[in-house]
Amino acid sequence: MTTHSSSAAPVTRPAGRPFKRAFAGRVRWWTYAFLIASVFMSAFPLYWMFVVSTNDSAAVSQTPPTILPGGNFFALAEQVFTTVPFVQSLANSFIVAGSIAIAQMILSTLAGFAFAKLQFRGRDPLFIVVLITMMVPTQLAVIPLYMIMSNLDWIDSLQALIVPGMASAFGIFWMRQHLSTVLNNELMQAARIDGCSTWQIYWRIAFPLVRSAAFVLGLLAFVTAWNDFLWPLIVIQSPENYTVQLAIKALQRQYFVDYGLAMSGSFLATIPLLILFIFVGRKMVAGVMDGAFKG
Amino acid sequence: MVLSAPPRSSPARQRTKSAAPQPRRRIKSASRMDAFAPYMYIAPFFALFAVFGLFPTVFTFYVALFDWNPIGGQTFIGFENFVTLYGDERFWNAMRNTFSIWILSTVPQLLLALFLAQLLNNARLKFANLFRMTMLVPYITSVVATTIVFASLFGRDYGLINSFLNLFGIESIDFAANTFASHIMVSTMVLWRWFGYNTLIYLAALQAIPKDVYEAAAIDGAGGFKQFIFVTIPSLRPVIIFTVIVSTIGGLQIFTEPLLLSSPGLTGGAGRQFQTLSLFMYEQGFGDFKFGYGSAVGVTLFGLIVVFSVINYLLSRRITSDE
């Protein structure tokens, strides 16, 4: 990104001191050494998960243990599918995480659009309320939330997982930032003169402009919901309503010492996200970095 | 209720009235629906948050005042839950564990992230995207999967880490049994999941520092290390505060790792050596069905998070303004 300016730098820089080093200096060998070590650190536990889920327990519990994949993958996977309703769990997780992602994308762009571009009474104080709600650690209120679900008769149902996750203060904040930079007032006025209603401006102009930011928001929401554990653990009871995380826990409980089954389940539950990550990982990296700018 | 706008100041109202309001109003009222549209767009968030966020949070404070059993009914007992809680050795034990794990995971994690971000912040770096992407892989791995993998790696008998230590003649450590070792184990899991995320956040902030600031520092004779101390760190101040606050909020709520490590129990090890406050809350609320007592833990945690967020903020502001 700064390659152009840096290639010009040697001409103008004062003698000896490479003052643009922080941005485009010579990359030392130890930079790569540390970065490769960090890649190893990030990837090894996942690799180990794969190793254990492809070996029988004897191979993993010898000294020294094997660190190579074996041929036992399908045997263990089959055991996973017969011990817990794993396919059903995967489907449940897709339903829950998918619904939350879509709902967050829609609700956040709508509210973000209102806060960024519409004039209405109480707009600024209400937006401050949204920002404050971002700081509330709602995880600590699980006991009353459980009572609410009990009153709604939603215990042990997927909507108990979906509905509380649909609204996101962060999402509103995020979409508002994007909409206020992308959508200019001239465009809005032109649309108004052409007779567009507010809804049409949102749907035909605003949403298409921020589609990719909304997609990143949806991705982060999907990953968070897919990996959620405490709330499903509290509110879900019967195995047919398990999410994948609960299914893994069920595998672990029955075979605590033998990690093979739980590891196989963990690996199978992580694969969908890894596949997703191969396609959209760059977007997620950009999203995380973009969020930092605004946070 | 949330939608009712606060009363507008009267000068604003008079201004609209005096400036020939009638014709303009007419045109606008052609689409009266549009006047309500903004409220319709923000209503779903406020409705959902009111029911599933605000109400439970406020209600926690209320439930904490009761001896509340989901089956047996509830009796108002005032602050008795809090009095019992603050005299409960299990609570203080969970508090110590939580802080120990929080510090062991947050401090090395953020330092590592800062270091890696500094390495990544170089336009001539090759494979930059590959490095960034692999660092985010732990973030998409669930805490449940993370815990199971690391429990295996840290295993007493066949764990890879102990096998590695044995190579150097160090005897195997029973990580789960020893208090400090178990905190290292849990902290490693937290660190692994979040260091890449924080690296990317720091990297974004580093890239936002204008180049001429470094140029000016270089002209004044500041070398790489001085630039880092006097330019980089102060410029990163808001982001560092942000990450410290987020890590604090997350660190005080660590739950899944100790729960799975103590499975099928809820005590965080036989001697409660790695039970955190969140797990203690869960144990009281959903293990023993003491909703009131569990809520008292929740309220205390809530207070701690608020206090620490404020302290973090004030402290980091003072440190950097001193410079």
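Visitor: What percentage of the 295 residues of chain A count as buried?
Guide: In this predicted model, 44% of them count as buried.

Visitor: What makes Met166(A) buried?
Guide: Met166(A) has 21 other C-beta atoms within 10 Å. The label requires 20 or more, so Met166(A) is buried. Its place is the loop between helix H9 (159-162) and helix H10 (169-182) of chain A.

Visitor: Which residues are in contact with Met166(A), leaving aside neighbours within four places in sequence?
Guide: In chain A they are Ile100(A), Ala103(A), Gln104(A) and Leu107(A), and from chain B there is Leu48(B). A contact requires C-beta atoms within 7 Å. As for Phe73(A), 93 residues away in sequence, its C-alpha lies 37 Å from that of Met166(A).

Visitor: Why is Met49(A) called buried?
Guide: Around Met49(A) there are 26 other C-beta atoms within 10 Å. With the cut-off at 20 or more, Met49(A) therefore counts as buried. Met49(A) sits in helix H3 (residues 29-52) of chain A. Not counting residues up to four places away in sequence, Met49(A) touches Met263(A), Ser266(A) and Phe267(A), together with Ala145(B) and Val149(B). Its C-alpha is 14 Å from that of Gln252(A), 203 residues apart along the chain.

Visitor: How do you know that Gly265(A) is buried?
Guide: The count for Gly265(A) is 32 other C-beta atoms within 10 Å. The label requires 20 or more, so Gly265(A) is buried. Gly265(A) belongs to helix H16 (residues 259-294) of chain A. Leaving aside neighbours within four places in sequence, its contacts are Val80(A), Phe86(A), Ala247(A), Ile248(A) and Leu251(A). Between Gly265(A) and Ala250(A), 15 residues apart along the chain, the C-alpha separation is 9.8 Å.

Visitor: How do you know that the length of helix H13 of chain A agrees with its number of residues?
Guide: H13(A) covers residues 211-227, which is 17 residues.

Visitor: What makes H13(A) mostly covered?
Guide: Of its 17 residues, 13 are buried. Chain A as a whole has 16 helices and zero strands.

Visitor: Why are strand S1 and strand S2 of chain B said to pair?
Guide: Strand S1 (residues 66-69) and strand S2 (residues 73-76) of chain B share four bridges. Pairing requires at least two, so S1(B) and S2(B) pair, in the antiparallel sense. One of the bridges links Asp67(B) to Thr75(B) in S2(B). A hairpin of three residues joins the two strands.

Visitor: How many residues of each chain take part in the contact between chain A and chain B?
Guide: Chain B contributes 85 residues and chain A 89. On the side of chain B, helix H3 (residues 32-63) gives the largest share, 17 residues. That side divides into 57 nonpolar, 22 polar and six charged residues.

Visitor: How confident is the predictor in chain A?
Guide: The average pLDDT is 84, and 86% of the residues score at least 70. Over residues 1-22 of chain A, however, the pLDDT is below 50. Beyond near neighbours in sequence, that stretch has 25 contacts in the model.

How values were computed: Residues numbered from 1 in each chain as written. Chains lettered and ligands numbered in written order. Predicted model: local features only at pLDDT ≥ 70, side-chain atom pairs only at ≥ 80, totals over all residues. Contact = placed C-beta atoms within 7 Å. Nonpolar A, V, L, I, M, F, W, Y, C, P; charged D, E, K, R; others polar. pLDDT = per-residue confidence, 0-100. Buried ≥ 20, exposed ≤ 12 C-beta atoms within 10 Å, placed from the backbone. Expected span 1.5 Å × (residues − 1).
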